[in-house]
Amino acid sequence: MSGQLIDGKPIAMKVRAEAAERAAAFAQAYGRPPGLHVVLVGEDHASQVYVRNKERACRKAGLAGQVHRVSADLGQGRLLALVDELNTDPKVDGILVQMPLPHGYDELEVIARIDPAKDVDGLTAVSAGRLALGVPGLCPCTPVGCMRMLAEIGCDPEGKRAVVLGRSNLVGKPIAQLLLQRNATVTIAHSRTKQLGDLVREGDIVVAAVGRRALVQGDWIKPGAVVLDVGINRGEDGQIYGDVDFEPARERASFITPVPGGVGRMTVAVLLSNTVDAAYARAAG
Ligand code: NAD
């Protein structure tokens, strides 16, 4: 029997609708909508598409969204000055600098400059530290979206074995932290991990966040496991593929996310809700 699809669209719509409702209540209470400011440096095509999606999503949810499109030759110093300006602007609740930055920029220095209270991407050391300590804070959007998907299918991580493939600050590490917070027993696999298949076979929950098409083979999936595929890989045919060999994995999984149409839908939705959270937290002082 094949596993059920976890369709990202209705879950993302729900998250967006909740964010819109809370944004309207914020505007009513404070006389302005929550504001998300995105900085886009250079002309990278994929980044332009992502930023347009964020702009549109903000508009639809009633948030004040603004994109600062700056030339790739702006330079590190002036980019930091722009972040400083946004840090001090009281109408700005969320700051997102679209990554990757063009060659020559120091991404870590730029991230470190963002006021943690406005860090809606959850990438600053303060946000990562709060997550590691298990205290409330802003968490990276895709991992939060993964947790919401688990909740929506009624999968409680407590006591389960979770295997996370990938250890990036954006996806792998924060999803592992969130699963740990929910009392899963978590293993993080990465590029130097040996016998990856044997590890994945132990997973009641498998999260693949690597960026290698069909890395996770169908027969690695424990029967009944829940599989979240975060990977985005463009095939030679121009189509988007995940990290999981989908059809054979679906045969064994109880639930599985498709690519596209799965986890990818969640990221922007959570960005909106993180911005509303940041607005309320800042307003509360
Ligand atoms: P990254 O390149 O920063 O990290 C990839 C990770 O995979 C690294 O930690 C590396 O150690 C690990 N890895 C490499 N080879 C491996 C192997 N053979 N076995 C196990 N682990 C291995 O990438 P990222 O930013 O974490 O993104 C991962 C994937 O998720 C990419 O495909 C990216 O496009 C996608 N992504 C999707 C969304 C979304 O909204 N769906 C959001 C962010 C990233």
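**View 1. Threonine 187 in strand 6.** Threonine 187 sits in strand 6, residues 185-189. Strands (E, at least two residues) and helices (H or I, at least four) are DSSP runs, numbered from the N terminus. The model is predicted: local features need pLDDT of at least 70, side-chain atom pairs count only at pLDDT 80 or more, and totals for chains, interfaces and linings use all residues. Residues are numbered from 1 along each chain as its sequence is written, and side-chain values use heavy atoms, without hydrogens and water. Threonine 187 counts as buried because its relative accessibility is 19%. Buried means under 20% relative accessible area, exposed over 50%, and partly exposed in between (1.4 Å probe, protein chains only).

**View 2. Threonine 187 and glycine 261.** These two residues lie 74 residues apart along the chain. Their C-alpha atoms are separated by 26 Å.

**View 3. Arginine 56 in helix 2.** Helix 2 spans residues 45-61 and holds arginine 56. Arginine 56 has 40% relative accessibility, so this residue counts as partly exposed.

**View 4. The whole protein chain.** The protein chain has 10 helices and 11 strands. Buried residues make up 46% of its 285 residues. Its C-alpha atoms fill a box of roughly 55 × 40 × 35 Å, taken along the principal axes. The radius of gyration is 19 Å, which agrees with the value near 19 Å for a compact globule of 285 residues. That radius is taken over C-alpha atoms, and the globule rule is 2.2 Å times the number of residues to the power 0.38.
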